Structure formats: structure tokens, C-alpha cells
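This report describes selected structural features of a protein chain. Please consult the sequence and the structure shown below while reading.

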Amino acid sequence: MRESNYRKRSKISTTVKRIIVGLVLALLLGGGIFFFSYFHVENVEVMGSSHYTDEEIKEMVLNGAFSSNSVLAPVFCSKSNVVDVTYVEEITVTRTGHDSISISVRETQVVGCVLYLDTYVYFDRSGIFIDSSRTRDESVPFFDGLSMEYVVLNEKLPIADSAVLNTAVALYTIFQKNDTIPDHIQFDENYEITLIYGDITVLLGKDEYLEDKMTRVLAILPLISGKKGTLHVENVTDTSKSITFESEDSSDTWTGGYEEDGEYTGTGEYDADGNYVGPDPGDSGSTDSEENTEDSYDSDDSYDDWDSDYYDDSDYYDDSDYYDDSDYYDDSDYYDDSDYYDDSDYYGDSYWDSDSYDSWDEEW
């Protein structure tokens, strides 16, 4: 009887299958070992985070099963909508090398803060309450005059007029572009805007022509630096560019008290260096002193002060100095090509002293 080869062929096929499966598993295991070892993350770069340290960001992001692999980390660790981390809006992980990844953080823009009870509440462009602190971050605009009955973290601030948030965003954008954040921004009951820069109060009025108003304010502020008073910008429109500065004089800045001969009497109109400074503005008996002075700025961006100061292309400073191409100093000195010194001497091609000295190219 002839022997069948069925069983033998069956045994060979099973053995081959086992060998093939073993080889495949070995290849998979070897490939897996190579994949996780070759692409193992050794270097991590963090970009865009100002509120958290690099180590804090790494702990937040690289905590998953595949976070140590440069190929899988970008897939499983990137977060497009972060809601559980304050100031962080989006986290993107990218592979920069076989063993390197980069973590890019897009932070929530903090538009401003308001004072609620005794806590500063910070909000974003949408008016969402994102953080709070007992101390104020000076780099964030502070808005005063916005009353709220309650605040809830990660919810929109319950401000009666939602349009004021648009105003806050517009002001924030202007401040960021020019790096000129005021000490604080005030809204009155009609939501008219007032900016406080030290001793300078800027009345912006309604949220109308805001960009035009702020452009002019930022140009004028350096001209009135060191002064105290109110800059009126509320009347600026598309047809009217008139701006006035209402100055508040203070006797604390008066340096006079000396007579012309240098003797100190307390009422003299000269300073210790013999310069004429005028009468004490705090002296109510003086006819020259005024409690307030007013400056004006016309559509040509000239600056006029009726006590006062005036700035145009020739740089005129009254009260009392005038500067132009001939360099004129009023209130007592005049300088031009011939060098004239009032208050009593004249120097030029001729020299004349009111005390009796005169010469035309010679002395007599």
C-alpha cells in the first residue's frame, strides 16, 4: 500500500508558517526598538511662553505615553484649544530633528484689568476673565469705572455696555503699538474716556475718532512732559482738530526770590543764577500770576499756550522764550547773527552797554 504525503506536507507548511511569523515578529520588535530609540527625544525647545518657565511648559505638555518620541509627540501632545491652563491658548509640538522637538506656545492676549473688590481681574479680547491678582501688572492697561456685581473665572465679565470692551481692545492695540500705557484709564457714567499719565490728564471723550485722537495725544505728550494739567482732545472730529492744554501752575516750581543784583529777598523776580523767572505764581497779589493757563493745538499740530507756550515749525516758547532761525530769547535776551543781549548789553559789529559803553569798530 502506498504511503500518503499529506501529513508530511502539512507538517512542513506549519513549520514554515511558524518561521515566517517568528521573522515578522522579530522584524517588528527590532523595528520598534529602533523606532523608539532612534527617535527618542533628547532635546526640547520652548518658544513663546512669558508666564511659565520652560520646565513648567515641558511638564504640562510631555506627560503622555508617546511624549518621548519625536515622531509621535507632535501628534499626541499638541493642543489646539487649551482651556485648563491660564494664559495659554494653544500649544503646538513640532519635530526639529530625529531626537529634537519644539514646543510653541500661543498665549492669550491680556487686554486689560479691572478692580473688583480688592482684586485685579484680568480679561482677554473677548472680555473673558482669565486671571486675578492682589497686585497689578503695570504692563497691562488698568480700566477704572467699570462696575460689576460678580465675576466668574473663564466667563465673560458682566459689563452693562458690551461696547466698552471694543473700546478697551482698541486702546490696548494703540498702547501696544506705541508702548505708552497710561497709569490708568477711566470711564465715567457715560463711558467717556480719560487717560492719566502722571500729572497729565487726557480727556478723550467718546469712543469716536479714537485713532486720530490718540495719534495727536502721543505726539503732544513729549511737548508737555513735566507739566501738570489737562489735555482736551474730546472735541476732535473729522473736521475739527483743535486741542487745548489747560495748565496748572504751582509755586513749588518757582525758582525766583532774588533781586537783579543777586540779593535774596523772597520776592525778587530772578533766580540764583541771575536769570529772570518772573514773579512768584503763588503770590495772589501779583497781577502776572494766574491759577490756570491754557494752551491750544490747531489742525497744523501747533501748540499754543497763552501764558504760555507755543510750538510750531519755528519752535516758539513764550513765558518767555522764543526760538527760531535767529534764536530769540525774550524776557530778556536776544541772540541773532549780531548777538544781542538785552537787559543791557549789545554785542555785534558794535558793542553797546547802557551803562555808557559804545563802539563802532572802536571803543570810546
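This is a predicted model: local features need pLDDT of at least 70, side-chain atom pairs count only at pLDDT 80 or more; totals for chains, interfaces and linings use all residues.

Asp 212 is partly exposed, with a relative accessible area of 23%.

## Further salt bridges

Asp 212 also forms a salt bridge with Lys 241, at 2.5 Å from N to O. This pair links distant parts of the chain, 29 residues apart: Asp 212 belongs to helix H5, whereas Lys 241 lies in the loop between strands E11 and E12. Lys 241 is buried, at 16% relative accessible area.

Lys 177 and Glu 211 form another salt bridge, their closest N and O atoms being 3.7 Å apart. Lys 177 lies in helix H4 and Glu 211 in helix H5, so the pair ties together parts that are 34 residues apart in sequence. Lys 177 is exposed (57%), while Glu 211 is partly exposed (44%). The whole structure holds 8 salt bridges.

Three strands form an open antiparallel sheet in the order E4-E5-E6. Its edge strands are E4 (110–116) and E6 (129–133). Strands E4 and E5 are joined by 6 bridges, and Val 114 stands opposite Val 121 in E5. Helix H4 (residues 163–178) packs on the sheet, touching E4 and E5.

Conventions. Residues are numbered from 1 along each chain as its sequence is written. Side-chain values use heavy atoms; hydrogens and water are left out. Two strands pair if DSSP finds at least two bridges between them. Helices (H or I, at least four residues) and strands (E, at least two) are DSSP runs, numbered from the N terminus. Contact means heavy atoms within 4.5 Å. Axes are lines fitted to C-alpha atoms, for helices over the stretch in contact, and angles run from 0 to 180 degrees between N-to-C directions. A salt bridge is a side-chain nitrogen of Lys or Arg within 4 Å of a carboxyl oxygen of Asp or Glu. Buried means under 20% relative accessible area, exposed over 50%, partly exposed in between (1.4 Å probe, protein chains only).
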